[in-house]
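Have a look at the sequence and the model, then read on.

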Amino acid sequence: MAFSSNPLVLDLQRGVAFAFRPIEGGLDQVAGAVASVASTVGEIDRLRLDNAQLRQENDRLAAENARLEEIRRENEQLTALLQLRNGFDYRTVAAQVIAAESSEFRRVVTIGAGTDDGIVAGDVVIVQGDALAGRVIDAGPTFAHVLLITDSGSTVIGQLPSAATGEVVGQLGGVVVMDKIDATERVQLGDEVVTAGIELGGGIRSPYPKGLVIGQVVDVRRDPNAVVQTAWLLPAAPLDRLEYVLVITDYRGGLPPIEQQPTVCLPEGTFGTLPNNEQPCVIRSPKPSASRAP
C-alpha cells in the first residue's frame, strides 16, 4: 500500500494506463464487433426459422382457402340444381360426372348413377339454367353414359324465337350447328334456341321435352341460292366442364312401345300396305242376320 501510494508509482501507473488506452479501446471494439456478428448470425438464423414457419402457414392457409373456394363453388352448383329440380315438372335424379371421353369423334361423359336410381337409356340430361346437356345412351346399376349434344351422333330439333325449327347437330371439335332452317326466316345473333318438343299424333313425340335451352346463335350463314340456312350455336351448358347433372326419369319420347303403337285398320276390300310391307288389319263388315219367315 505504501509502495502503490508513492507519487512516482502513481505517475508510472498513469503513464502505462495512458499508453495502453488505445489498445484497450481497440480490444473493446473488436470484442464488440465479434459480439455483434454473433448476435447478427443468431438473429438471421432465428429470422430464417420464422420465415420458414410463416411460409408453411401461408401454404396451409392458401390450401385451405382453395378448398373452401371449391366447396363454395360446388355448393352453388348443387343449390342451382336443387332450385331447378324444385321448379321442374318432371321427376329427376341428381348425379355427379365421374368420367369424360372427349375427342374429335366422341363426346360422352359417365355419371355416377344408373338403373338402381331409375335411369334408363333414352333419359334426357340437363344442367342448371334449364340447359340441355345430352341423352343417356346406356346404363348399368351404378353408372350411365351420356351422349352430349356436341357429339356428331347427336341430333336435336331446335326452335328459334320466331318459331322456326332446324336440326341441331354436333360436329367434329365439339361445334354445334343448327341446320335446315328455312331461308326466309331471319336469324339474328344472340337468338336463343330451345328444344322444339314436337308432338305428333298416335303418341309420337320428340325425344326431348319442349323448352330446354340448347344455346345462343353466334354466327349465321345464308346462301342466296339455297332454300335453307345454317346457324352456329354456343351451347348453354359448359359441356367440357360438367360436374353435376340432372337426369329426367319420367319423360318418354320417340315412338311408344310396339304394344302401345296405334294400329291402322282399313275397311274390307281396301287395297294397300303399311310401311315395311306390313299388312293392315281388316275391319269386316257385319253379316246380315237371317230374317224369320212369317
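## Glu-101 and its partner

Glu-101 counts as partly exposed because its relative accessibility is 40%; the label covers values between buried (under 20% relative accessible area) and exposed (over 50%), found with a 1.4 Å probe and protein chains only. Glu-101 forms a salt bridge with Arg-106, and their closest N and O atoms are 3.4 Å apart. Here a salt bridge is a side-chain nitrogen of Lys or Arg within 4 Å of a carboxyl oxygen of Asp or Glu. Arg-106 has a relative accessibility of 34%, so Arg-106 is partly exposed as well.

This is a predicted model, in which local features need pLDDT of at least 70 and side-chain atom pairs count only at pLDDT 80 or more, while totals for chains, interfaces and linings use all residues. Residues are numbered from 1 along each chain as its sequence is written, and side-chain values use heavy atoms, with hydrogens and water left out.

## Other salt bridges

The salt bridges number seven by this rule. In general, side chains of opposite charge can pair when their charged atoms come close.

One of them joins the side chains of Asp-240 and Arg-107, at 3.2 Å from N to O. This pair links distant parts of the chain, 133 residues apart: Asp-240 sits in the loop between strand 11 (228–235) and strand 12 (244–248), and Arg-107 in strand 2 (residues 107–111). Asp-240 is exposed because its relative accessibility is 62%, whereas Arg-107 has a relative accessible area of 11% and is therefore buried.

Another salt bridge brings together the side chains of Glu-167 and Lys-180, at 3.7 Å from N to O. Glu-167 belongs to strand 7 (residues 165–170) and Lys-180 to strand 8 (residues 176–182), 13 residues apart. Glu-167, at 27% relative accessibility, counts as partly exposed. Elsewhere, a network of salt bridges links Glu-43, Arg-46 and Asp-50.

## Backbone angles to check

Most residues other than glycine have a negative phi. Lys-180, in strand 8, has a positive phi near 60°. Ala-163 also has a positive phi, of about 75°, although it is not a glycine; Ala-163 lies in the loop between strand 6 and strand 7.

## A buried threonine in a loop

Thr-150 is placed in the loop between strand 5 (144–148) and strand 6 (155–159). Its relative accessibility is 5%, so Thr-150 counts as buried. Beyond its neighbours within four places in sequence, Thr-150 is in contact (heavy atoms within 4.5 Å) with residues including Arg-107, Gly-170, Val-176, Pro-235 and Leu-239.

## The nonpolar core

The largest nonpolar core has 44 residues, and Ile-111 and Val-245 touch the most other members. Such a core is a set of buried Ala, Val, Leu, Ile, Met, Phe, Trp, Tyr and Cys residues joined through side-chain atoms within 4.5 Å. Leaving out neighbours within four places in sequence, Ile-111 has contacts that include Val-97, Ile-119, Phe-143, Val-146, Val-245 and Val-247.

## The chain as a whole

Of its 294 residues, 28% are buried. Among contacts between residues at least 6 apart in sequence, 57% join residues at least 24 apart.

The chain exposes about 19400 Å², with 56% supplied by carbon and sulfur atoms; accessible areas come from the Shrake-Rupley method with a 1.4 Å probe, and for residues only the protein chains shown count as cover.

Key: Helices (H or I, at least four residues) and strands (E, at least two) are DSSP runs, numbered from the N terminus.
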